[in-house]
Amino acid sequence: MKEAITLSRRGFLNAVAALGSIGLIGCGTQSGQQAAVAAKDRVAAKVPDRGEFLVRGAQILTMDPGLGDIAGGDIHVRAGEIVAVGKDLRTASGEIINGRGMIALPGLIDTHSHLWNTPLRNLVDEGPKMGYFALTLALGKEYTPEDMYRGVRLAAAEMLYSGITTVHDWSHNVRGPAYADADIRALRDTGIRARFSYGTPQGGLPADQTMDLVDLARVQREWFSAPSDRLLTLGMAARSLSDSPRGAVTTPTLRRDWDGARKLGLPITIHTGGTGRVALLEREGMLGPDVQLINPTGFDEADFARIVKAKAHVCLSPFAEMRSSFVSSRLVDMLKHGILVSISIDTAAISGNNDMFAHMHALIDTQFAIYKNPTSLSARQVLELATINGARDLDIADRAGSLTPGKRADLILVRATDLNMAPLGDPVQAIVRSAQPHNVDTVVVDGRIVKRGGQMTALDVEKIVREASESLASLRVRAGV
Ligand SMILES: [Zn+2]
């Protein structure tokens, strides 16, 4: 397992190339335990090697307050690390990437997404059968580990294409060990930076049954204990304190899940839409800096105070909250309280696609509508949510979230000369209001160029789309929807 996740080693990658991409096949026909063991023998798909390059002459938004914005600036990357950011940098070796006409910024960070159900997009409608929760339950129960792999891979590939270099993979259909392995393997095979948060199956467990903490510990041991490039990290996705199809859970049971995760040193994430959830978590002594609270749609002033006191952090999802709760979260108030807030897509099954630009655009205008004030929030604050705040939320600000020398090289170049972007006025406004995924020219994750000239460099898009489509067609037959 150690070798399989240490993608940084050139020798290992060469060996992988020689073997071919045999890791792309999932494990749908095996029992959970067999598949979990077999996963040890699987190798990653070929991801681009890390090299040395210099981005020359870009409009740089470092999102580092100490460095600010740099017009006509350069970024030097070597062996996956940002070596220098500034004007007129020199390098004796490495490739020159022309950044003229481009906006360079940190890769975007999505702090909560259910990648596995991305193939369900364009199916979700309304009503008892085709609503989001009904559909994810009906199809989710039919998922095999192979379906998991293909759905997560589709989402991660789309995210990379769209400039998202880090995602918090909120995996709430772990139906056995093989499902967790398939999900993690898909993340690893695309080369995206991610936190995998281990959850419970669609359909839920009995309300008084503790989640599979034994397998959570196994996943930590097998996938996350060896020295690695720290591209993937692990967390626990807690059940909601509600009667949603995600599974009702009693408070004592949730506490056992919580304590189990904390014993393993894992961060915890939980949906908290509606009212009363934060108060309950505080009353039970469960809030803390290791807790991410999702969908703050019903939070009030007392909740804000509770969150500040506990140093917990909040993640909002503009499209999903509008679609499911018919509200927009009170971001401006949370920022005034000094709460760490980040932004997420939640699920492409609702939002339609994994497009963070659209989410930022929707967020700023819905905040203006709530507060009836177009100066209540700046485009830069919104971009902070999708970059440095996201990195802080996922506890990876030491390596991502800003273009700071010494951090890992997660960056994107967005063409400002395209028809929908030009002429370039304020580059921050351009990213938040005008940019779309097809404007993303180049994407770099941990120093690997995964998209260049608008094309994916290593991922086989046709294969990823075809296999996800086949997976969904089969799921629909099995589920009868
Ligand atoms: Zn969610």
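Because the model is predicted, local features need pLDDT of at least 70 and side-chain atom pairs count only at pLDDT 80 or more, whereas totals for chains, interfaces and linings use all residues. Residues are numbered from 1 along each chain as its sequence is written, and side-chain values use heavy atoms, with hydrogens and water left out.

**The whole chain**

- The protein chain has 19 helices and 17 strands, where helices (H or I, at least four residues) and strands (E, at least two) are DSSP runs numbered from the N terminus.
- Of the 481 residues in the protein chain, 60% are buried, a term that means under 20% relative accessible area, with exposed meaning over 50% and partly exposed in between (1.4 Å probe, protein chains only).
- Among the contacts in the protein chain with a separation of 6 or more, 73% are between residues 24 or more positions apart, contact meaning heavy atoms within 4.5 Å.

- Strand β7 is largely enclosed by the rest of the structure, because 8 of its 8 residues are buried.
- Strands β6 and β7 run parallel and are joined by 4 bridges, and D110 stands opposite V167 in β7.
- The pairing of β7 with β8 is also in the parallel sense and extends over 6 bridges, with Y198 in β8 as the bridge partner of S171.
- Strand β10 (residues 268-271) runs parallel to strand β11 (residues 291-294) and is joined to β11 by 4 bridges, while T269 stands opposite Q292 in β11.

**Helices α6 and α7**

- The axes of helix α6 (residues 145-161) and helix α7 (residues 177-190) come within 8 Å and cross at roughly 30°.
- The two helices, α6 and α7, are therefore roughly parallel to each other, a label for angles under 35 degrees, whereas those over 145 count as roughly antiparallel, 65 to 115 as roughly perpendicular and the rest as oblique.
- Residues making this contact include M148, Y149 and V152 of α6, together with A182, D183 and R185 of α7.

**Helix α12**

- In helix α12 (residues 318-325), the residues P318, A320 and E321 are buried, and the buried residues of α12 pack against β12 (313-316), β13, α14 (348-351) and α15 (356-371).
- After α12 comes F326, whose phi is positive, near 60°.

**Residue K129**

- K129 lies in helix α4 (residues 127-130) and counts as partly exposed, at 48% relative accessibility.
- Although K129 and V481 are 352 residues apart along the chain, their C-alpha atoms are separated by 8.1 Å.
- Leaving aside neighbours within four places in sequence, K129 is in contact with A134, L135, G480 and V481.

How values were computed. Axes are lines fitted to C-alpha atoms, for helices over the stretch in contact, and angles run from 0 to 180 degrees between N-to-C directions. Two strands pair if DSSP finds at least two bridges between them.
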